[in-house]
Amino acid sequence: MLAGAGQAAAQEEPEVTEAGLARGEMFYQAHCGRCHGMLGQGGEGPSLARPTLPRAPDHASLVRVIRRGIPGTGMPGTRSNLVSDLEVDLMAAYVRTLGQDAVVEVAGDAARGQEVFAAAGDCYSCHVVDGRGTGIGPELTGIGVRRGADYLYASLRTPESELPVSRRGILRGFRGYLPVRAVTREGRVITGMRVNEDAFTIQLRSISGRTVSLRKEDLVELEKQFDHSLMPAVEEMTEADIDDLVAFLADLGGGS
């Protein structure tokens, strides 16, 4: 099924049968799909459907990443008593196939998409690209190498359908951009992204970019909207505008 599985296979590109790749896909979906997407096009983790992965350009380095993880990121390693060397090899072999047909032609015009991003979409009011914009939502610099075109289309049309799943205890993914709605005793309604929180206070960053600190004892309502996105859907944009916007986003980071 896998030629030279184990330590030897981690040193060079193995030969894998169709049955072996099918098993690798099964292992991938069980261990990796939640973060990287079932098709490898990204989610909480980056897209793996690329011709070359920056941290793992070959099979051996990909095996090391899967086994050891990436310190300082949300990418964990795999414990040898739970995932065997054979399973890691098969997962790596399957992931390598995701990039074989990864070049996807996007119909839009990236140059015009930048104009849509700045004007019609008003996206700089919430996102940062190459140092420009407001960091209320996730930074989009390099988003083109982290997310596939299908993911970008879905995120624009129905933002709440593509919220990354966060793991307990790790302030990454969507947990780092948690929308909160607070109502004070005077009836003032405040919405924004959670910046910080402790037992007595919570700090929010409003859409205007202003940071507000609230004492919980002064609130009559505090709603943490885990399944909500402050990003509006692009309902008023034409299909051409959306194509152009996706082309611009898909192009970000493409030269890195």
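This text walks through a predicted model, from the overall fold to single residues.

The chain contains 8 helices and 7 strands. Of its 256 residues, 43% are buried. Contacts reach across the sequence. Among those with a separation of 6 or more, 58% join residues 24 or more positions apart.

Start with a pair of helices. Packed helices are described by two quantities, the angle between their axes and the distance between those axes. Take helix 5, residues 110-118, and helix 8, residues 239-251. Their axes come within 7 Å. The crossing angle is roughly 105°. An angle of 65 to 115 degrees counts as roughly perpendicular, so helix 5 is roughly perpendicular to helix 8. On the helix 5 side, the contact is made by Ala110, Arg112, Gly113, Gln114, Val116 and Phe117. On the helix 8 side, Ala240, Asp241, Asp244, Leu245, Ala247, Phe248, Leu249 and Asp251 take part. By class, this contact of helix 5 with helix 8 has 8 nonpolar, 2 polar and 4 charged residues.

Asp244 sits in helix 8. Its relative accessible area is 8%, so Asp244 is buried. What does the side chain of Asp244 join through a polar contact? The partner is the side chain of Arg112, at 2.5 Å. Beyond four places away in sequence, Asp244 touches Gly108, Asp109, Ala110, Arg112 and Gly113.

Arg194 belongs to strand 4, residues 189-197. With a relative accessible area of 18%, Arg194 falls under the 20% limit, and therefore counts as buried. The side chain of Arg194 makes a polar contact of 2.9 Å with the side chain of Glu197.

Now the cysteines. How many disulfides does the structure hold? The number is 0. A disulfide is a covalent bond between the sulfur atoms of two cysteines. Here the test is a sulfur pair within 2.5 Å. For Cys35, the closest cysteine sulfur is in Cys32, 8.6 Å away, so the gap is too far for a bond. Cys35 is also buried, at 15% relative accessible area. For Cys126, the closest cysteine sulfur belongs to Cys123. That separation is 8.4 Å, again too far for a bond.

Two loops complete the tour. Met38 lies in the loop between helix 2 (33-36) and helix 3 (59-68). Is Met38 buried or partly exposed? Its relative accessibility is 44%, so Met38 counts as partly exposed. Met38 and Tyr28 are 10 residues apart along the chain. Their C-alpha atoms are separated by 8.1 Å. Tyr28 is also one of the residues that Met38 contacts.

Phi of Asp130 is near 50°, a positive value in a residue other than glycine. Asp130 has a relative accessible area of 63%. The limit for exposed is over 50%, so Asp130 counts as exposed. In contrast, Asp244 in helix 8 is buried at 8%.

Definitions and conventions
Residues are numbered from 1 along each chain as its sequence is written. This is a predicted model: local features need pLDDT of at least 70, side-chain atom pairs count only at pLDDT 80 or more; totals for chains, interfaces and linings use all residues. Side-chain values use heavy atoms; hydrogens and water are left out. Buried means under 20% relative accessible area, exposed over 50%, partly exposed in between (1.4 Å probe, protein chains only). Axes are lines fitted to C-alpha atoms, for helices over the stretch in contact, and angles run from 0 to 180 degrees between N-to-C directions. Helices (H or I, at least four residues) and strands (E, at least two) are DSSP runs, numbered from the N terminus. Angles under 35 degrees count as roughly parallel, over 145 as roughly antiparallel, 65 to 115 as roughly perpendicular and the rest as oblique. Contact means heavy atoms within 4.5 Å. Ala, Val, Leu, Ile, Met, Phe, Trp, Tyr, Cys and Pro count as nonpolar, Asp, Glu, Lys and Arg as charged, and the others, Gly among them, as polar. A polar contact is a pair of N or O atoms within 3.5 Å; within protein, one must be able to donate a hydrogen and the other to accept it, and residues adjacent in sequence count only if both atoms are side-chain atoms.
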